[in-house]
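User: Hi! Could you walk me through this structure with some questions and answers?

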Amino acid sequence: MRLEEFIVRHSIGTDFALNFARTAYCARLPMSRDGIGRVAAYLNSANESAQTNGYIWNMYTNNCSHVAHNALAAAGVWDPKVPRGPGAINVARDVVSVARALALGQMSDFSFPANNFVRLYEAGNERPIDDALGAFMNHDVRRTMKDDWITTGPGALIATVPIHDAGRNQMFAPGRDPFLFSVPMLWDKAETFKTLTRDPPSIVTDLAANLTHYRERYAKTLANRRSVDDELGLLRAPQDAEDFRIFHGRFYDHIADELRRTDERLTKYRRLAG
C-alpha cells in the first residue's frame, strides 16, 4: 500500500485529524504534577510491555479505554480495571464484574470510551465535598486525600468538538452517539451523556462560572462545618473513628486552602478578562 493510501485509509480519524472521523468528547481533570507523573509512568510502562510482549486488542475485554482508565487509576482517580484476553470466558468474567459492580458499588471491568467521558465528568464534579463525613464515606475521595487532593474541584470542565461538516469532510459522515453501558433508573450513564453533550450547564463549560460555583460551594462547606464529635455520632462504622478524626481535620484544611486558591484564580481570571 502506498503511504498516501495508508494515511487516508488507516490514519486519518484515528492517529491524527480525529475530527474528520468522529466527534471528540473531552473532559478536563486538573491534577498535581505528581499525579500527572504517575499517569505518564503508567503509559510508558504500557508501551514498554506492548513492545516486549505484544498487544492483543479486544473490543470488550481489552480496548483503548482500558488504557486511559487505568492511567487515571494510577493517579488515584478511581479503581483500576482488569484488562483480559479475547474469548467467551473472558467476556463472561467481565459480565460477572458488572453484576458485582451493581451489587457492591464497585467498578466493573468492562470499559468504553463514552463511559470514561461520563465517569471523568463525575469524578471532577460530583464527588462529595460538602461535609467531612460524606467525603470520608467515599473511598475514592479518601484515597486521593491521602495525596492531599480531591478530584472534584475547579477546572474540571468538559467540551464537545464536533466532527467536521460535509463542506470540508468528504471522507466520513456523522453517525450516532457512541455506545455507553448504561442501566436506566439505576446507573443511567446514557442520560447523563445526552445532557453533557446537548445542554451542559455553564458551570462545566465556562471557567468563570465554574470558579464562581466552587468558590460558593467551598464557602458553604466551611460555613456548615460540624465538630468532629458531632460527625462521629453519625459514623456507621465505629472502628473507623480514629481514621475519621484525622481525616476530618485534613479535609477542612483542604477545603479552606481550595477556597483561598479559588479566590485567587477568580481575581486573576477577571483581570485577564478585562
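Predicted model: local features only at pLDDT ≥ 70, side-chain atom pairs only at ≥ 80, totals over all residues.

User: Is F193 buried or exposed?

Analyst: Residues are numbered from 1 along each chain as its sequence is written, and side-chain values use heavy atoms, with hydrogens and water left out. Buried means under 20% relative accessible area, exposed means over 50%, and partly exposed is in between, using a 1.4 Å probe and protein chains only. F193 has a relative accessible area of 1%, so the residue is buried.

User: How many aromatic pairs are there?

Analyst: Rings of Phe, Tyr and Trp (its six-membered ring) pair if their centres lie within 6.5 Å; planes under 30 degrees apart count as stacked, over 60 as edge-to-face and the rest as tilted. By this rule, the number of aromatic pairs is 9.

User: Why do the rings of Y25 and F193 count as edge-to-face?

Analyst: A pair of aromatic rings is described by the distance of the centres and the angle of the planes. For Y25 and F193 the centres are 4.9 Å apart, and the pair is edge-to-face because the planes stand at 70°.

User: Which elements hold Y25 and F193?

Analyst: Helices (H or I, at least four residues) and strands (E, at least two) are DSSP runs, numbered from the N terminus. The pair ties together parts that are 168 residues apart in sequence, because Y25 lies in strand β1 (residues 24-27) and F193 in helix α8 (residues 189-198). In short, the elements are β1 and α8.

User: What angle lies between the planes of F251 and Y252?

Analyst: Both F251 and Y252 are buried. Their rings form an edge-to-face aromatic pair, 5.0 Å centre to centre, with the planes at 80°.

User: Which residue lies over the face of F136?

Analyst: F136 belongs to a cluster linked by ring pairs, together with F244, F247, F251 and Y252. A charge sits over a ring if NZ of Lys or CZ of Arg is within 6 Å of the ring centre and within 35 degrees of the ring normal. At 3.8 Å from the ring centre of F136, the residue over its face is R142.

User: Where is D148, a residue with a positive phi?

Analyst: Most residues other than glycine have a negative phi, and most peptide bonds are trans. D148 is not a glycine, yet its phi is about 65°. D148 counts as exposed, at 53% relative accessibility. Its place is the loop between α7 and β2 (158-161).

User: And where is A17, which has a positive phi too?

Analyst: The phi of A17 is near 55°, again in a residue other than glycine. A17 is partly exposed, with a relative accessible area of 31%. A17 is found in the loop between α1 (3-11) and β1.
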